[in-house]
Amino acid sequence: MADKKGQVEVTINWVYVLIAGGIILLFFIGVIVKQKTASEEGLAIDVVRVIENIFVGAGVSEKTKNFIDTSGISEFTLYFDCLEGVGEYGLQGKSANVQNIIDPLFSSSTIHSPKLITWSVPYLLPFKVTDFLYVTAPNIKYYLYGQDDLIEELEREGQEFGNIIVLDGQNSYMGIDPQGNDQIRVVDISGTLVKDGFAVPEKLLSLADEKVTALVLQGESALFFQKEAGRWHLLNSIPVPIVSLGGARDAAKLGAVFSTSPEQYQCNMGKAFHRLKNIAIIQLARVERLAEYYDLLNPEGFCTNLISHADKNAKDTLDMMIKLLDACALVPEDCDYQDYQKLIPLSQEVEKTNEVLKVNCIALY
Amino acid sequence: MRSIDTGIIKRIMNIIMDIIKSVMKRRMAFSGRRAQVHLTETIAILFIFFILVGLGISFYGKYKSISFVEQQEEQLQARAIRTTLRAIFLPELLCSRGSAEPEENCMDVVKAREFSPQLQDQFDDYYFEMFSYANITLQQVYPSLEKIPLYVHVPETYEQRETTFFVMALRDETKGERGVPSYGFGYLRVEVFS
């Protein structure tokens, strides 16, 4: 009887120890799992914050190229988005992200690479509006085709990047090989290689549709394409106008080269137009102070006339610029993206006035 | 004689039974005490275990709260750097040179004086996104003392404040002679709050 009782007691003790031990073990496993999730989220927050700091630094300093080692987070995919004037980037699948309504950032929708390349170029219309930041990676290859200053410039500037290749004809285009690269983007200035419904080079069929994109730049407008069922599919039925004054380092054109979607491109350009309005307001205020200054010096003089009295004077032109941008900001539904093209002649007018003014008067900018 | 024997045997048996019963009773009492001791032991072990767990949690909590404060400080410092960078390179205020690169570390005083009055209506949204809670002032030191508030958005209450200074050249074209702008100098004071 006593033996049996002892046996039962020992068994109960062991069961008790097992249950208690199991509960304690589960408790610690729970704590570890919780900590793992928290530390992963913490890492994502840290990474996004560091990237934000890098982007801010790269974005404010003009004409800088940076190579950022991201091998520590190479298993993650960075995503970039811009919707209704709000840009967003972060690590895919993680809640940490950065939203930004100020800085235009042009890039592919996703980047999966152990290295990031950033390049900042000032956007002038005609005065400096902001610095456009282009984000790319060595495993995103850009194939350029056509005779244009932009192609030559990209080839020259992109030598450091190592991901820009100039095509010499139809055959080299058809032979484009992904070679283990993550994304392929074709930039066609001639408009002969890429057209809606044209076949995509055979070797590119192995890549996912969103990884193969193209841009056709014709005159001052852009057409965005993406691979769909082995053929090029036009993403924007209405060509997206390039709002710029042209010339070397055309920031708006470069933005189209590095953006893979027309929505992202227009959204980032929208950020630039918002900034342009603010800068034009300050420029107008400055011009008014200059007008007061010249009114005191010589009210009938050449400088006063150009600034505030002549036909198409600086004050009126800047005012028209602000009104146009204000109208688009107040009722965006009534303002088509094509309307921003009206900024080009106004900017050219300001530029012309500035050229004349800077000879004998205080320059506008 | 036989009945006497039987009575004696019965008595002896009763005595033995009484002895056994008393021994059993004692043993039962002893095993109850052992169980009590066991129970007390278990409770003591559990008590110590929970004290250790509690201590661990409180130490961890303390460590976390310290690292959280440190993290907040780091974040504030990073924000101070970002805000200063943005303020120094503000396209609204830079000393432009046509389409050429703007002059470095230079602000146009005429534009700076107009910045706050002209763009005040956007300090709660657009520029708040850029600078958040901050107080940015341009202090001219030479040729005359002048304080130009650029962006003032100070919270009613704040725990931390980080101030940075940056020396700037200040260009004023309305003060120059024969088309040569006048240059002064001063500093940009950027205060950020959290």
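A residue is called buried here if 20 or more other C-beta atoms lie within 10 Å of its own, exposed if 12 or fewer, and partly exposed in between, with C-beta atoms placed from the backbone. Keep that in mind for the first stop.

Before you click, know that this is a predicted model, where local features need pLDDT of at least 70 and side-chain atom pairs count only at pLDDT 80 or more, while totals for chains, interfaces and linings use all residues. Residues are numbered from 1 along each chain as its sequence is written, and chains are lettered from A and ligands numbered from 1 in the order in which they are written.

**Stop one: a strand in chain A**

Select residues 212-218 of chain A, which form strand S12. Helices (H or I, at least four residues) and strands (E, at least two) are DSSP runs, numbered from the N terminus. Six of the seven residues of S12(A) are buried, so the strand is largely enclosed by the rest of the structure.

Two strands pair if DSSP finds at least two bridges between them. To spot one such bridge, look for A:Val186, whose partner in S12(A) is A:Ala214.

Next, bring in strand S13, residues 221-228 of chain A, which runs antiparallel to S12(A) and is joined to it by six bridges. Here A:Val216 has A:Leu223 of S13(A) as its bridge partner. S12(A) and S13(A) make a hairpin with two residues between them, and A:Gly219 in the turn has a positive phi of about 65°.

**Stop two: A:Val287**

Jump to helix H5 of chain A (residues 262-297), where you will find A:Val287. Is A:Val287 buried or exposed? It counts as buried, because 26 C-beta neighbours lie inside 10 Å. Leaving aside neighbours within four places in sequence, A:Val287 is in contact with A:Ile307, A:Ala314, A:Lys315, A:Leu318 and A:Leu364. Two residues are in contact if their C-beta atoms, placed from the backbone, lie within 7 Å. Then find A:Glu210: its C-alpha atom and that of A:Val287 are separated by 48 Å, and the two residues are 77 apart along the chain.

**Stop three: zoom out on chain A**

Along the principal axes, its C-alpha atoms fill a box of roughly 125 × 60 × 40 Å. Buried residues make up 38% of the 365 residues.

**Stop four: the sheet in chain B**

Over in chain B, five strands form an open sheet in the order S1-S4-S5-S2-S3, with mixed pairing. The edge strands, each pairing on one side only, are S1 (106-108) and S3 (146-153) of chain B. Strand S2 (residues 134-142) of chain B and S3(B) pair in the antiparallel sense over seven bridges. One pair to pick out is B:Gln139 and its bridge partner B:Lys147 in S3(B).

**Last stop: where the chains touch**

Finally, show both chains: 25 residues of chain B are in contact with 28 residues of chain A. Which element gives the largest share of the side of chain B that touches chain A? That is H2(B), with six residues.
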